[in-house]
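Let's take a walk through a protein complex together. Keep the picture in view as you read, and go back to it whenever a new part is named.

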Amino acid sequence: MINFGYKIQADRQVDYDAGNHRIFDFVRKSEPSIDWCMSCGTCASACTASASTEYSLCRLILNARRGMEDEILKSVYRCRFCGKCINACPRGVNTRNIVYLMQLAVTKISKHEI
Amino acid sequence: MKFDLFVLPFTLGVIFLLGYLGYKYATWFRGLNKSDRSKVISGFFSVRLFRAVNEIIMESLLHRNIFRRNRLLGFMHMSLAFGWFLLIAIGNLESRVYEPTSMNLPYVPIFFKFFNANPDAFPLHRVFSFTMDLLLLLVLGGVALAFLKRFFSKAYGMKRTTRLMLGDRLALTTLWLIFPLRLLAESFTSAVYGGGDFLTGTFGSFLGSFLPAANLYYPAWWAYSLSLGVFFLALPFSRYMHIPTEVVLILSRHFGLAEHAERTPFTEVEINSCSRCGVCLDACQLSFAGGVQNIQSTYQLKSIRYNSIQPTESFGCNMCGRCDNVCPVGIDISGIRMITRNELNGKVPDVSFAEQSMPHAHKSDVIYFAGCMTHQTPSIKKAMVSLLETAGVNYWFMDEWGGLCCGRPMMLAGHKAQADIMIEKNRKLIIESGARILVTSCPICYKVFAKEYNLNIRVMHHTQYLLELAESHKIRPGHLAGNAVYHDPCELSRDIKVYEEPRKLLGKMVQVKSNEFEKDNALCCGNSLANLSADNDIRRKVTEDAYIKMNASGSQYLVTSCPMCKKAFEKVADVEVKDIAELVVRSMQKSRSPVKASGLKVAHPVEVIAG
Amino acid sequence: MLDTSNRTEEIMKSVAIIGGGVAGMEAAARLSKCGHAVTIIERNEQLGGRLNQWHALFPARKPALPLLMSLKQGISDGVNVIINAHITGIEKNEDGFAIMLNKNRVVTANTLLLTTGFDIFEAERKEEYGYGIYDNVITSVDLEQVFRSGKPIQTAGGKTPKRIGFVHCVGSRDEKAGNLHCSKVCCVTAVKQAIEVKEMLPSSEVFLYYMDLRMFGRHFEELYKEAQFKHSIQFIRARLSEAFENPDGSLQIRIEDTLLAKPLKMSLDMLVLMVGIQPPKKAGNILDMLKLERDTDGFVLQEDQYVSPFKTKIPGLYCAGGVTGPKTIEETLTEARAVAAEISEYLGRRRINYAGQEQYVMEL
Ligand code: SF4
Ligand code: SF4
Ligand code: SF4
Ligand code: SF4
Ligand code: SF4
């Protein structure tokens, strides 16, 4: 696992202040549609991967918003890019690009580029 | 020995170029894997060599393929390449005829007129000097066209022309200068010493009438040599590298080399073979309909070559293959794109990503695999199930409850390693079922089943399978009123070419109206899975444009055989958009041939196998 | 204040109303009472519009029929009604409007009120939900017809459903379906219908799949609570992506339970789609004839949402009801009354005195 240089606290509250929002900011820069997400979960219910793996795009976006990098890392590589979510999303969010950019952000973080 | 100081720039340029090419070719060859290397070696001693040489002449010199696409562009390339080649070849011949004895260093034929200013004394002199002038005129014509193309690309029927880099600028400028300078040098020389034919002679005496030719001819030869030298020096760092590389590409292709999953020297050869002719630009729907101007093949190849490829460029392409289809050099652009996408992703951190909810295999004769997308178009799924039921096929609906992915989207997203794990799992299941035929409704799945799964059974798209069922009278499609336009989904066209079966099947039901944008020239529906970046706006523009181009308005149906295409066109169409399977069911209902209802068969069978 | 000094010309002013639904009928009644000559132009065989399709109304679950009757009563005296009318053209002239109908009829009026209403989203367009493909997927409108018919609720196979699911926001809040807006009424309608189902089939289980529960109106929240405590109806925050069909025709759905943050699958005997309200398509050519501007959501653009919500850019042309967006019946009735007052005011103002000058006359 990539060491991001800090630990999520043992406290189970989401510590918004301790979170790092760089992944969200990075994605948002080239895919502004991440802002349109209303957490309806349609993407996750369409998702080919979610039935069998701990993965939900809807949650992933929330994790990014809240700065929960560890959570992102746990699931961001489970997407199969099947594209069902794009068809399903009622807000027209460019879902697959968001997943892809999150993956890219993770790579960049590991290379200390962001 | 004939020598003058001014030949040095040219000579050094040639030596540098040859050295560089030799080094490059050797590195490429060394970088090949064993089997590819032996293919190359045996290729040289087989009939394939002759075929390759033939193609080299047709393509590298005559540019037949560009010619076919665009006459003017073809003529430009042909006059430059073939004209120059003949200038060199006949120049060599000329110098040998005139001086069979002396040592014929490479620069001698190039600067022949300087060393043999007035060759009147030689036999055949009229013929040679006429020919050489004619060739020079041909090349100059090509240069003039190239010059015009940069400024008036529209006249070539091209909407856009390619962008330039520094090496390109240098090479391009010198290339434009070479032949005008040669004309000047030879004309001045003829003004001073006589000789020269209809071009250089006439032009020489014209120039000599008001310019001090005796003072100018020597500097002109210097300038000519310099421009040649600089051109050769800049060539490896410019797009003109495609000239020597294309030859290698044609040879390697004839020797049986192709793209692999990873980058190989063959990839390098392909990347360097792009002449940036720009033919691919005009084929790209994202360019002419979507307004995206940075992802097209030639830009892509250039960025890869200079190691400056950006993810958005690579992942923003539809992978429709329309550019592959028109590329006169025949570069496997899609193959390269896949490699690039994998390279850009790099190695994925160690997380278990490929868990699938795997159903148990069911013994059956036929497997039906709907595909993820088909689950979002239940009318296709339902049509297929009722057709299979009606035909009495012993089938297993493998992904009845979704959750299974064929792996191709993952491959398209540049995650080949993960895709392979999924593919392996699905493969096991397919083999376990003992089925002899695998039928899928999704062209994306079809392609990966056919190309990557290494199955020993028949893989069919439902268009093909339904045709077989119809021809063996297991189902009886009836007549429907009206006519239909058939849209070839990308994944069934160009690369795989499933063209006849759908049309034949469709022909049993309706009149099929053909249009310009079909088969190899089919348009992408805009909904391509391969494109990660394009937003809804771009997608919709592509869809709308494609719909208009196919001219389906006024027909009864727009028929396709891909759930994605169906979903895309439904949004913009003013006619009914149907999958071919749906239409078969409708035609059977209309003609009252029995269709069984489609209750799906197996209870929900999910067992999670992690890892 | 009544101006009698100049009151010499007692010509009746006329109003044409296109669309004889709730808004049109109520406005007609009011305008007629104010002494105007009112003509309702209705496309269908009968007046009443959407109300004809409805059994009982939220939140009080009052039957729709008495309201329909009272609306009809209101226009029974003196309102001219043309049914089966197809408008072929509309002309604007100095005096008002000339509306051309089929059978070469022409209606002229000083003002024109558009109460053409809304369209219901075509559930087939949301193909993944299986309407028109799977037999046991129906819409909220279909269900209301069942209630009206008085017949028992049955699956396509003739069985009594044990589990029924309601999907919210079908064709609303969905840009893929072309409608970004919220249809406003379907949340509470779903709750109402769920309760009605439970009352008819007390042993059934009823589920509502919602994105947000929009219980904005008076007594709506109470209805929601009633659904919970009286009927044990389950509310799941989720949005369906697609339905599957089981061998016996029942349905299998997979949703993301967004509060649990987990996918959830369940089987249902019947799925009810809460189809949304969308801008009129059929009545759209009338809007086009009048060159009425549409707002970003496709409904008619109001002159000003606050100050003059019923006015359009064309003087003398008014709009009310569903044509300017999704509304409850309560709101529609209120709008109808308000627009009637506004039209009266406008017509009154146009009375002409002896000297031929336009003069402001306050209506009593
Ligand atoms: S593309 Fe990824 S997130 Fe979207 S449905 Fe497919 S697996 Fe799920
Ligand atoms: S479907 Fe779209 S809006 Fe809904 S949670 Fe997913 S990304 Fe967000
Ligand atoms: S990729 Fe092919 S078509 Fe495109 S510019 Fe290069 S050579 Fe020409
Ligand atoms: S594959 Fe298609 S979308 Fe991509 S560059 Fe080529 S023509 Fe354009
Ligand atoms: S009222 Fe409720 S169900 Fe209707 S669109 Fe709005 S949120 Fe969706």
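**Confidence, domains and an interface**

Chain C has a mean pLDDT of 91, and 93% of its residues reach 70 or more; pLDDT is the predictor's confidence in each residue, from 0 to 100. This is a predicted model, in which local features need pLDDT of at least 70 and side-chain atom pairs count only at pLDDT 80 or more, while totals for chains, interfaces and linings use all residues. Residues are numbered from 1 along each chain as its sequence is written, chains are lettered from A and ligands numbered from 1 in the order in which they are written, and side-chain values use heavy atoms, leaving out hydrogens and water. For the complex, the predictor gives an ipTM of 0.89 and a pTM of 0.88.

Where in chain C does pLDDT stay under 50? One such stretch is residues 4-9 of chain C, with six contacts beyond four places in sequence, where contact means heavy atoms within 4.5 Å. Residues 357-364 of chain C are also below 50, and this stretch has 22 contacts beyond near neighbours in sequence.

Now look at how chain C is divided. Domain 1 covers 8-118 + 279-362, and domain 2 covers 121-277; these bounds come from an automatic or database domain assignment. The centres of the two domains, taken over C-alpha atoms, lie 34 Å apart. Where they touch, domain 1 of chain C gives 18 residues and domain 2 of chain C gives 27 residues.

Together the two domains of chain C bury about 1900 Å², with carbon and sulfur atoms giving 64% of it. Buried area is the accessible area (1.4 Å probe) that two parts lose on being put together, summed over both. On the side of domain 1 of chain C, the residues losing the most area are C:Trp54, C:Phe58 and C:Arg61, together 33% of what that side buries.

Finally, turn to chain B and chain A. Here 36 residues of chain B are in contact with 26 residues of chain A. The two chains bury about 2500 Å² between them, 56% of it on carbon and sulfur atoms. How many salt bridges are counted between chain B and chain A? The count is zero.

Notes. A salt bridge is a side-chain nitrogen of Lys or Arg within 4 Å of a carboxyl oxygen of Asp or Glu.
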